[in-house]
Amino acid sequence: MMLSRLAFFVFEMNAALDMGKYDHVTVGEVEDHIQNKDLVPWLRLTMGQDVDLSVFDTTSTNELHDGLYDILSGYRGQESRKWGVRQRGVCLLIAWTVEMIQHKRWS
């Protein structure tokens, strides 16, 4: 996945977080959608016009899902200790996408 798409995703999730409209989205809920690999469609449905995920075609959506799934598989239950995230699922998405960038899970 291109670095620019991951950075764009972080910016969009940050904007969604700033709205305060998605504070009810939990860590567990996000993790469930990562596990089901339906996160991007779910975000489109949940956040609608508030976020722009148009840069995610089928290939990049699958790559995002795979990268987040890898992190979920290795760190589920350690969100608070490793990233300081306890409540907000959008914060988890930001943290884990930055983790993907740090570990060069992009091309």
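**Close-ups of a predicted helical model**

At 5% relative accessibility, Gly-67 counts as buried. This glycine belongs to helix α4, and, like everything shown below, it comes from a predicted model.

**View 1. Gly-67 and Thr-97 come together in space.** Gly-67 sits in helix α4. Count along the sequence and Thr-97 is 30 residues away from Gly-67, yet the C-alpha to C-alpha gap is 8.3 Å. Gly-67 is buried here, since its relative accessible area of 5% falls under the 20% cut-off.

View 2. What does Thr-61 touch, leaving aside residues up to four places away in sequence? Its partners are Val-40 and Phe-56. Thr-61 lies in helix α4 and has a relative accessible area of 9%, so count it as buried. Val-27 makes a handy reference point: it is 34 residues from Thr-61 in sequence and 20 Å from it in space, going C-alpha to C-alpha.

**View 3. Helix α3 crosses helix α4.** The two helices pack at about 105°, and their axes are 9 Å apart. α3 and α4 are therefore roughly perpendicular to each other. On the α3 side, look for Leu-39, Val-40 and Pro-41; on the α4 side they meet Thr-61, Leu-64, His-65 and Leu-68. Sorted by class, this α3 and α4 contact has five nonpolar residues, two polar ones and no charged ones.

View 4. Residues 27–35 make up α2 and residues 89–102 make up α6; they pack at about 55°, with axes 7 Å apart. That angle makes α2 oblique to α6. By class, the contact between α2 and α6 has six nonpolar residues, one polar and one charged.

**View 5. Phe-9 meets Phe-56 edge-to-face.** How many aromatic pairs does the structure hold? There are three, and this view shows one of them. The ring centres of Phe-9 and Phe-56 are 5.7 Å apart and the planes sit at 80°, so the pair is edge-to-face. Distant parts of the chain are linked here: Phe-9 is in helix α1 (residues 3–19), Phe-56 is in the loop between α3 (39–47) and α4 (58–75), and 47 residues separate the two. Phe-9 is buried, with a relative accessible area of 0%. Phe-56 counts as buried too, at 4% relative accessibility.

**View 6. Tyr-75 and Trp-83 pair up within an aromatic cluster.** Tyr-75 and Trp-83 form an edge-to-face pair, 5.3 Å centre to centre with 85° between the planes. Bring in Trp-96 and you have the one aromatic cluster that Tyr-75, Trp-83 and Trp-96 form. Buried or partly exposed: which is Tyr-75? Tyr-75 is partly exposed, with a relative accessible area of 29%, whereas Trp-83 is buried at 18%.

**View 7. Two lysines sit over aromatic rings.** The charged end of Lys-37 is over the ring of Tyr-69, 4.7 Å from its centre. In the second case, the charged end of Lys-82 sits over the ring of Trp-83, 5.5 Å from the ring centre. Trp-83 is the ring that also pairs with Tyr-75 in View 6.

Notes:
Residues are numbered from 1 along each chain as its sequence is written. This is a predicted model: local features need pLDDT of at least 70, side-chain atom pairs count only at pLDDT 80 or more; totals for chains, interfaces and linings use all residues. Side-chain values use heavy atoms; hydrogens and water are left out. Axes are lines fitted to C-alpha atoms, for helices over the stretch in contact, and angles run from 0 to 180 degrees between N-to-C directions. Helices (H or I, at least four residues) and strands (E, at least two) are DSSP runs, numbered from the N terminus. Angles under 35 degrees count as roughly parallel, over 145 as roughly antiparallel, 65 to 115 as roughly perpendicular and the rest as oblique. Ala, Val, Leu, Ile, Met, Phe, Trp, Tyr, Cys and Pro count as nonpolar, Asp, Glu, Lys and Arg as charged, and the others, Gly among them, as polar. Rings of Phe, Tyr and Trp (its six-membered ring) pair if their centres lie within 6.5 Å; planes under 30 degrees apart count as stacked, over 60 as edge-to-face and the rest as tilted. Buried means under 20% relative accessible area, exposed over 50%, partly exposed in between (1.4 Å probe, protein chains only). A charge sits over a ring if NZ of Lys or CZ of Arg is within 6 Å of the ring centre and within 35 degrees of the ring normal. Contact means heavy atoms within 4.5 Å.
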